[in-house]
Amino acid sequence: MMAVIEHLGLGLSVAATLQNIFFCFIGCLIGTLVGVLPGVGPVATISILLPVTLSLDPTGALIMLAGIYYGAQYGGSTTAILVNIPGEATAVVTAIDGHEMAKKGQAGLALGLAAIGSFIAGTVATVVIAALATPMTRLGLLFGPAEYFSLMIMGLVLAVVLAHGSLVKALAMIVAGVLLSCVGADMETGRERMTFDIYMLTDGIEFTVLAMGIFGFGEIFKNLADPEKRDVMRNKIGRLLPTLGELRENLGAILRGTGLGSILGVLPGNGAILAPFASYALEKRLSDRPQDFGTGVPQAVSGPESANNSGAQTSFIPLLTLGIPPNAVMALMVGAMMIQGIVPGPQVIQNSPDLFWGLVASMWIGNLMLVVINLPLIGLWVKLLKVPYRLLFPAIVAFCCIGLFSISNDGAQVIMAGVMGLVGFALYKLQFEPAPLALGFVLGRLLEEKLRQALIISDGGMSTFVTSPLSAALLLVALMALAVAVLPSMRKSRDEIFTDA
């Protein structure tokens with residue numbers, strides 16, 4: 001425990017500098033903004049801002065990007081409660097009872113419970129990250145190429161299992177992402193692969209181009225094709241702070257949601273998105289009046305929102321300690337770290353302790369800022385919801401194009417991102433989830449590198465992946481997860497988790 005306090009003390013000394021507090025505030029503010037505005041989201045925003053991080057200090061850049069991610073979780077609940085449009089996928093559950101509370105004139109209470117639950121969850125999650133960081137890093141140092149390969153295979157399998165929608169489509173997206181990562185020159189021989197004699201593909205596809213195209217431009221095409229009707233609530237917001245009695249009634253739901261989110265957020269394969277759905281289902285089962293769920297039950301807002309925020313923060317654990325991104329946003333964080341010359345993994349805590357602990361401590365500061373940003377400024381967010389998307393997208397397109405061109409001064413990158421945007425829009429129309437594609441793309445190169453290293457060490461023997469106990473155990477978990485997921489009864493239960501809410 002003393003070691004955790006000492007590490008958090010080091011982190012606070014880094015995060016509490018004026019420069020890093022400024023970056024944390026900017027990240028939280030932008031995150032809340034993109035969470036409030038439906039159709040933007042943290043994935044598209046971080047993709048757009050990746051080029052900007054080139055000129056920033058690595059610690060400040062990562063603090064800002066992290067703030068955008070968990071800030072969007074706060075902002076998404078505002079839109080869900082007031083407009084019944086989830087600003088984030090994880091806010092889908094919040095919209096069910098949160099908007100019903102708003103209709104009853106309890107919008108302020110719903111927003112207050114969501115903010116307080118998220119702050120408590122964020123505080124607990126920060127301590128969980130600090131407590132697990134050192135043991136997970138020590139575990140990561142035991143990993144050789146074979147173990148890392150097996151861990152990434154397990155992560156990709158879990159991404160398929162936990163993806164929303166068709167298993168086959170999720171698997172196709174993972175495979176497509178891995179194949180796209182292979183485009184360009186071979187890492188050892190230098191021979192071109194899958195370039196089809198197109199010059200702009202010779203050096204491969206940059207992650208920023210793929211991310212900004214599929215998530216940035218693709219999101220713009222999607223919102224222009226299917227504009228959302230925003231019926232902003234006209235009732236009074238009401239009081240924002242719950243009474244002590246209301247806090248006591250919701251404390252159990254907040255703590256249960258925090259625990260669920262903290263556990264599911266660590267899972268590779270985007271377990272964090274499952275957390276609010278699991279929390280809602282749990283609260284419904286524990287309630288004396290489950291029939292009231294869907295009519296404006298406060299615990300159906302405070303529990304899922306706590307699970308949502310704690311899951312978002314603990315998803316940093318596999319990224320920072322093992323170098324494995326569990327979801328699309330963490331895949332973008334890998335890109336941001338690599339742009340800064342930092343290799344994600346167990347070496348980060350040893351080589352850059354200031355960066356590691358500064359980022360962890362900034363999450364608590366960010367959560368405190370978000371309570372201040374969200375509740376007093378609720379009137380501003382309501383006004384922003386009335387801004388038509390047709391006035392927003394030209395600025396987003398311009399920012400994307402300028403950012404892409406600034407990376408390499410190459411117009412071909414902008415063209416490629418535009419093509420990727422059309423691909424992203426096609427995926428949306430065909431109901432393919434693009435997040436597994438980004439995960440497959442980021443892990444694809446690492447997967448190939450570790451596979452080659454393991455085979456070189458074992459003199460070409462494939463048995464190296466099963467003779468190592470740790471590697472064999474990881475592959476066994478992946479195989480069991482895949483086998484369980486394809487069972488008809490489990491597939492039905494998996495779908496019910498997302499629809500029961």
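Me: Is R256 buried, exposed or partly exposed?

Reply: Burial is read from relative accessible area: buried means under 20%, exposed over 50%, and partly exposed in between (1.4 Å probe, protein chains only). R256 has a relative accessible area of 35%, so R256 is partly exposed. Bear in mind that this is a predicted model, where local features need pLDDT of at least 70 and side-chain atom pairs count only at pLDDT 80 or more, while totals for chains, interfaces and linings use all residues. Residues are numbered from 1 along each chain as its sequence is written, and side-chain values use heavy atoms, with hydrogens and water left out.

Me: Which side chain does R256 meet in a salt bridge?

Reply: Side chains of opposite charge can pair when their charged atoms come close. Here, a salt bridge is a side-chain nitrogen of Lys or Arg within 4 Å of a carboxyl oxygen of Asp or Glu. R256 meets E283, at 2.9 Å from N to O. E283 sits in helix α11 (residues 275-286) and R256 in helix α10 (residues 244-266), so the pair ties together parts 27 residues apart in sequence. Helices (H or I, at least four residues) and strands (E, at least two) are DSSP runs, numbered from the N terminus.

Me: How many salt bridges does a search of the whole structure find?

Reply: The search finds five. One of them joins E448 to R193, with the closest N and O atoms 2.7 Å apart. E448 is in helix α20 (residues 435-457) and R193 in strand β2 (residues 192-193), so this pair ties together parts 255 residues apart in sequence. E448 is buried too, with a relative accessible area of 12%.

Me: How many disulfides does the structure hold?

Reply: A disulfide is a covalent bond between the sulfur atoms of two cysteines. The cut-off here is a pair of cysteine sulfur atoms within 2.5 Å. The structure holds zero disulfides. Take C28: its nearest cysteine sulfur, that of C24, is 4.2 Å away. C28 is buried, at 0% relative accessible area.

Me: How far apart are the end C-alpha atoms of helix α12?

Reply: The expected span of a helix is 1.5 Å times one less than its number of residues. Helix α12 (residues 299-314) has 16 residues, so it should span 22 Å, and its end C-alpha atoms are 22 Å apart, which agrees. Also, 16 of the 16 residues of α12 are buried, so the helix is largely enclosed by the rest of the structure.
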